[in-house]
Structure formats: C-alpha cells, structure tokens
Amino acid sequence: MTEAQASDAFVAFDRVQKSYDGETLVVKDLNLSMPKGEFLTMLGPSGSGKTTCLMMLAGFETATHGRILLDGVSINDIPPHKRGIGMVFQNYALFPHMTVAENLSFPLEVRKIGKSDREAKVKRALDMVQMGDFGGRRPAQLSGGQQQRIALARALVFEPELVLMDEPLGALDKQLREHMQFEITNLAHDLGITTVYVTHDQTEALTMSDRVAVFDDGRIQQLAPPDELYESPQNSFVAQFIGENNTLEGTVKEIQGGLAQVQLDDGGIIDCKPVNVSEVGERTRVSIRPERVEFDKKRLKEGTHTIKAEVLEFIYMGDIFRTRLSVAGNDNFVIKSRNAPDQTRLKPGETIEIGWLPEDCRALDAN
Amino acid sequence: MSDVTDATTGKAAPTPDDGLRIADSNDSGPVLAADGTPLKKSLSRTLRRQKMRALLLIAPLLIFVLVTFIVPIVSMLLRSVDNTIVPDTLPQTVSVISEWDPNASDLPDEPVYEALYYDLFLASEAKEHTKLGTRLNYEQTGLSSQFRSVGRDLDEIGEDQIDALEDLAEDTWDNEAFWFDLMRGGENAENTDQDVLDRARARLRALTGDAFTGGTGFLPGAEISALLPRTAYEYASFAVFTAIAEEDVVAEEEPWESVKIALIEELQAGADVSSYNGFGAEELRAAQEMLADQPQQNFKESFLEIDEGWGNPQTWKTINVYKSPYTSGYFLNAADYQLGFDGVEARPENQQIYIKLFMRTLYMSLVITGSCILLGYPVAWILANLPLRTANVLMILVLLPFWTSLLVRTSAWKVLLQQQGVINEILVWLGFVDDANRLILMNNATGTIIAMTHILLPFMILPLYSVMKTIPPSYLRAAKSLGATNVTAFWRVYFPQSVPGIGAGSILVFILSIGYYITPEIVGGTDGVFISNRIAYHISSSLNWGLAAALGTILLVVVLVLYWCYDRIVGIDNVKLGG
C-alpha cells in the first residue's frame, strides 16, 4: 500500500506495530485501508491481534509504531473520547445504573446536545432497533438480544461515521445470532456507516462482510471479499481457517499453462492450480473443498487425473451426505454430496475413484 | 390407564402434582405414600427431620448468639429503667409516703419515719442500705453518707425504752430463749402463722436477691401473731435472716432492737394483752403496765438527731420521685434532663454533657467516615485495577494493621502525634512549623480523628475493593468511546457503580467508630472522647450502671435510626460487601 492510497481511504493502518512487553509483537506491520461505507470484518483465532487492532483504532491502546489514519488524519495522539467512533463491546457494557434511555442519551449529553434534540435522537435510535417501548427499563431487565440491540443503538445514536464492534454476538444463541447478523448488516448499509467488526466466527464473517481480513500471528493473511476468500484462499492458513477443507501433501511435478501436477506422497498424481508454488520439486499442500470433490466419472473432464479412495464412513445429514474417505494416507478426507434422488449413497469399505476440476484444487504453501 | 384419565379430568394441564396423584392414588381420598400413610404427612415428616437436623447444626451458634448478644442487650435495656432497689429496700416507706404531699414545705409525718426505721433496720442488718444510698446519691448528692450514718446509728433509736423493758424483769426481755418461746406461742403451739414467715422470706428475697429457702427452726404462733402483728413480723424477719443468712440457731440469738421497738410500740398502742393466755402473757401484761409511763417513741426526732439530712424536705422529695420500680430518670439524665420535683426539667447548664457528647460522637464519626472514604477510595481503585499478583501484595499492606494489636497501634500514634513527636519534629525540621508553635495533634479531637481514620481505613478499603473488582473496565472504555472525558466517565459511569461499596464501607466505619472506646481514650484527651468513654466511666468508676445502660441504649437507638434513614435514602440493597 502506498501513502497515496492510505490517505484516500477513510480508515487506514499504515505499518502499524504493537507490542505489550517490548519483546514480542502482537501486531506485525499491519497495513489496511478501508473506503467509506465498507463493512470490514477482522477474523482470526484468539491471540491473532485482531482485537488489539480494534482497540488501537478505538484509542484504548497505542500503536508502538506506525500511523492510524481516520479520514486522512492521523489519530494516534487523539484520545478515545475525541475520536467520535461508535463502539459495541463484547459484553455490551451497558451502564447498569442507568435506564436504557439514559444509556442512549449519555453520548449526547457529553456532547452538550439540547434536551429536546436528545430525546428525539434517543427515540429515533430506539425505534431503529425496534426497542421503542423499552426506554424506561434497566439493562438488567432485558434479554441478551435486547441488550445487544440497545448497545448497537447507543453506538449509533450520536451518528458516528465509523462503528467498531468487538464480537458483539458472542453471547447470543445461534438463532438470535443469525437474526442479529442480518439486522446489523442491514442497518450498517442503510445508514452508510463504515463498520469494523471483529469476530472469530467465520460464518459470521462470511455472511456479514463486504471484505474480510483474516488475521493470524499478528498479520493479515488475506484481505478479500467473502467469496474470494472461500474459493481462492491465498495460503494454507486461510484455506484451513475458512470453511471445511481437505488437504493432501505432495511435491510439484510439473507446472504448465496455469496448471500444476502434484505427485502425492503415495505416488498418485493430481491436477491443481498453483497458487503459492512456483518451482518444480517444491513441497506443497493441496487444498480442496469437500463439495468440489467428484466420484462420478461422468462429471469429470476427459483426461483428469483421479486417485483411489476408500470409503470409511457415510453420514446422512439430511440436506447433504457427508462421506469420510481415506485418501493417500489421509483418513479425514471428507466429501459432501447433495441429497438428490439420483445421488449415490456410498458404503463403507467401497473403493472409489475421486477427482475434481483443476481450478478447484489449490496448491498452497506447505507450512 | 383409567386412573390417569380420572385424575386429570377437568384439569387444564397436567402438573407434577397430578403425576404424584396418578402414581399413588387408587381412590378419590387423600394421596397416599407407598406405605399407605397420607402423602402430606409423609412429606412433612421427611421435611421435619431435615429441619431438625438443620436446627441442630446451627444450635451451638444460636445459643451462643442468644447468650452473648441478645441476653446482654435485653438486660442492658432493662437496667436502664430499673429502679426496683428503692421499693425493694424501703417497701413500707414507699407505700406510706404517698400520703405525704411533696409540694407542702413541711416534712412527712411520723408514720413515714416509723416505716423508714423498720425498712432501714432490716436493710442495714442485711447491709443493703448503702447500695440504696449510692443509688439515691446519683439524684441528690449527700444521700450516700446520710444512709451510711443512719445505718450505723439505728441501734440507738429507742434505747431508753428498751433498757426500761429489759430492766423490768430478770431473764425475760433480754433472754433470747424467752423471746423465742413467746413468739412461737409456747413450746407446743397448736396454731401457727406460716404466712408471717413467708412474708418475711419474700421481703428478704426482694431486698438481697438471695433465695432465702430452707428451714428456720421457728414457726410463729398464730395467737401472738394476731395480737402483736408488727412484732411478729419483725421477729420473723429476724428469725429468717439469723437462721438462713447467718446460719445461727434462732433460739440462741437475742432479737434485734427493731423487734423490741415494735413490741414496745404495740404495747403502748394498747394491744389487748389481757385476753391473751399463751406463753409469756404475764410478762406482756407487766410490760404494758410499765410502758404506759414511758414516753412514746418519736422516730422523726431520732432520725433528725442522727443526721440533719432527714429533716431536709429535699431528701423526702427525692425518695418520693424515685419510689416506683421503674424510672425514666436514667434516660432523662442521659439526655441532660432530670426528674425534678415538679416533673421533667433541664439539668443545670454546667451539668449538661451528654447531648454534647452524643453530638460530638456523631460529628466525629462522620468526619472519620468521610476521611476514610477520601483516603480509601483511591487505594481501593489502585488495588482493583492492578494485576492480581501486585494487588495481593498491596492487600497484605492494607491488612497488616489487623495483625497488630489495636493498643499498640494507638500507642504508636501517640509517639507520632505528640508535640515532641515524630510529625512535629519533621515539620519543624523542614521549617513548616515554628519550633515555638508546634502543632497540637494529640489529646484533642484531631488526634482521635487521625488515629481512628487510620485504624478503621481497612474497613473502608475492603468493601470498596471487592465492589470495584466487579466493575468491568469495559464500562469506562464504553463511556470514553461514547465521548466522555476521563473525569465525566469516572463520575457518571464508574463512581455510581462503586456507591454500594462506599455505602457498605461507610456503614461499617461509622457504626464501628460511633462506639469506639480505646483510641479516643488514649489519644482523645478531653475534647476527643466519645460517648463510649463516658459509658465506660459509669460502668467502671462511678458504678452508675443504670445511666451507662441508658446511654448505651440511646446509642443503640441512634444507630438503628441512622441505619433506617440510610435504608430509606440509599437503600440497603445498594450495600455490597463483595461481588
């Protein structure tokens, strides 16, 4: 990323580093820029540095090195209360001694907004999250989902241009979580706010975001829209972390015309798309999604390499069948097939031939 | 299956109760347990056993609390209004004095002095009259010595008549055996008067507090008791006291002067001895004849001779005011009032100390609580926000004072605070204070406040810490992210949530300090003492336990009232001692 790009963007991290103890870096050389109105999710395992990035953006942590820009202005030295960034906390952090309406009017009061204006804004914010009747309640009298809505309303009531959300749906049950995911995305898009969302739940990240930044080891491993992230992971970590994934290890035998042939460790040869490999003889980890594996020869292209697989287990899951295979020494090779009338139900002990379209199979780094 | 439909018919939805009914019932009667007893009974029996077991477990504590907490408090409350010593020591006087008009300027009549003589005689034999003197001395100075001197000289009253009686015949009126036989109505009296003896026992029991049970070897004769009731009663008192308290044989002891005086009085008053035929009838007739020439006994004069105080109407007014078994006098006294002769009146200004002391105690406790909040809050904040390891080390420092004796700590403050002490020396050395004008930090209110703030500080820090520990730091972050400055975030968001800790700490510190004794005693001087020091003085020095109890009771009530106010204003639900 160049300086010019960074200053065009609404939010930008420019070579940001963060260390707590002076020995290890929690965030290593972070570069990121977001246009206005984007919904960006920081996804990663715990300890990957994503929350630290969010806290640096909010102003609760200071960057050890580098600049954080908001609307082209460095905010490194601006205290959190002057940044005007809305934030939704993991445990909501609704003030327990205030009513819902008081919670919402708090940010307006500290901004010295007049009483009538304040009331109108609070009402609008409550209506926006369909909690108009709950203004007089205390947070403790609300359910988890309701508290979540109030926390959202409070972060939005003072009309910030940037809203940060730190795993806001972690405490909700699955159904409510899915519902809230939908509501938050809609709200963010309707209001045109720029949102940075932190989660470790990949489904959440894929369904909600315009772009997802996958964090690991203090770095962004890949920053891409959800479909690209799922279908074209740039490295093994992303491939493993996003969605279900089968891996096979082997050596690059030939690279030609955008296709590579990889010889697996048991001798079988497969076709794949070279992503992170460039030389013949290089070790590689091949990644393929379970739903892209075919065992019906009719669906495979002529001349595609196939390999032998032994069926270990067949699981009926309703909408799909999930079959576990043993492939080239990997006993956890999974394939998923749609439950259609003409679909074959494999039986344990059967030996089949499996294959795939070369572009679905990605040869990544061996780490 | 038919049972199921029967049992659930007409019910909106089956409940667990229905399930039990279905399982156990075969008819429409009460639900039965498996062994045939009604289910309710079976259930209550099971529960009773559990309850009994629970009760047994807490029984040691319950008994301990009852014995060491409830009983002393109740006894203190009772003692603060208890005045039974007056009617118990002077029962007859108290009953006849009501005929006297205390507003008239003249002294009570002869019957009152007469009753006083008999009351005091027995009391002085039992050595109880000085206690009454001490009690009444709280109300009127000088009564203590007045009672002491009268107890010494009571024997001299009516000496002349007694001498005359004893000189009348040899071996008669100065012979203990003769008296004994006379009063039991001869050796084999048929009719005895147990009642007189019982009255004497009851009187002594009330006077001394001892049981006075057991044999006396003496039974009053019914005839002599009817003829000479007062003499019989006095002799019975003598007999009971001699036999039980002194463990002597009644027949071998010469009766008290009061017995002889009673006899002389009754003979002079014209007791009809002519019709009496029992033991000693001759001697009685002779005595009556002789005594007719003797002057009447004048108790009033005799008392005035012993001590002029008995001629002072004040004495009698005091006795009259405090004659009932219960009195509001101690409470009035504790509030700087007194029971005057014309009702409740304020004490003389130079004697008003208790209201001032109560006010000072409340005021200084508030100051101490306030300074504990000011000093403790930042400490608790730091402890709550430090990493656990460091916080634990610092917590030891907070708790360290608990491991040293209170007396030692207070004495250490004495070393620090005195005019030649560490603090003054440092201030002088630094030049903040002139050597000639060293600060007076001790033996006044300042000393008490400084030392007690230090001593009670942990009681503020601990509840504050435990409450602050439960306030997640995300609240402050949230407030800041919403645009609040550090100060606003603290006051609007953090502080309100720490109020329960302040409440708990304040209640602890305030209630502890309002009853504090040792520290004010050591560093308080005169300006810095609390009401509790006065209570201790009345308990151990002036021995006016009634007043001490009244002061203590008022203190208890004040604390309860303040607690109630606190509950109304802050709400006791808002008090948290921990997470």
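1. Chain A of this predicted model is divided into domain 1 (3–236) and domain 2 (244–364), the bounds coming from an automatic or database domain assignment. The centres of domain 1 and domain 2 of chain A, taken over C-alpha atoms, are separated by 39 Å. Four residues of domain 1 of chain A are in contact with six residues of domain 2 of chain A, a contact being a pair of residues whose C-beta atoms, placed from the backbone, lie within 7 Å. On the side of domain 1 of chain A that touches domain 2 of chain A, one residue is nonpolar, three are polar and none is charged; here Ala, Val, Leu, Ile, Met, Phe, Trp, Tyr, Cys and Pro count as nonpolar, Asp, Glu, Lys and Arg as charged, and the others, Gly among them, as polar.

2. A word on conventions and confidence. Residues are numbered from 1 along each chain as its sequence is written, while chains are lettered from A and ligands numbered from 1 in the order in which they are written. Because this is a predicted model, local features need pLDDT of at least 70 and side-chain atom pairs count only at pLDDT 80 or more, whereas totals for chains, interfaces and linings use all residues. The mean pLDDT of chain A (the predictor's confidence in each residue, from 0 to 100) is 88, and 98% of its residues reach 70 or more. Over residues 1–7 of chain A, however, the pLDDT is below 50, and this stretch has 10 contacts in the model beyond near neighbours in sequence.

3. As to overall form, the C-alpha atoms of chain A fill a box of roughly 75 × 50 × 35 Å along the principal axes, and the secondary structure of chain A comes to nine helices and 19 strands. Of the 367 residues in chain A, 41% are buried, where buried asks for 20 or more other C-beta atoms within 10 Å of the residue's own, exposed for 12 or fewer, and partly exposed lies in between, with C-beta atoms placed from the backbone. Among contacts in chain A between residues at least 6 apart in sequence, 64% join residues at least 24 apart.

4. Chain A has an open sheet of six strands in the order β6-β7-β8-β3-β9-β10, with mixed pairing; two strands are taken to pair if DSSP finds at least two bridges between them. Strands β6 (85–88) and β10 (219–224) of chain A stand at the edges with a single partner strand each, so one side of each is left without a neighbour in the sheet. Neighbouring strands of this sheet are turned by 20 degrees against each other on average, direction ignored. Within the sheet, β3 (residues 39–43) and β8 (residues 194–199) of chain A pair in the parallel sense over five bridges, and F39(A) has T195(A) as its bridge partner in β8(A). Helix α5 (residues 144–156) of chain A packs on the sheet, where it touches β6 and β7 (162–166) of chain A, and its direction makes about 170 degrees with that of β6(A). Axes are lines fitted to C-alpha atoms, for helices over the stretch in contact, and angles run from 0 to 180 degrees between N-to-C directions.

5. Strand β1 (residues 11–18) of chain A pairs with β4 (residues 65–70) of chain A in the antiparallel sense over five bridges, with L69(A) as the bridge partner of A12(A). Two bridges also join β4(A) to the antiparallel β5 (residues 73–74) of chain A, where L70(A) is partnered by V73(A). β4(A) and β5(A) form a hairpin with two residues between them, and D71(A) in the turn has a positive phi of about 55 degrees.

6. Strand β14 (residues 283–288) of chain A is mostly covered, since five of its six residues are buried. β14(A) pairs in the antiparallel sense with β11 (residues 246–256) of chain A over six bridges, and with β19 (residues 362–364) of chain A over three bridges.

7. Between the chains, 16 residues of chain B are in contact with 19 residues of chain A. On that side of chain B, the largest share, six residues, comes from α24(B).

Technical notes:
Helix = DSSP H or I, 4+ residues; strand = E, 2+ residues; numbered from the N terminus. Contact = placed C-beta atoms within 7 Å.
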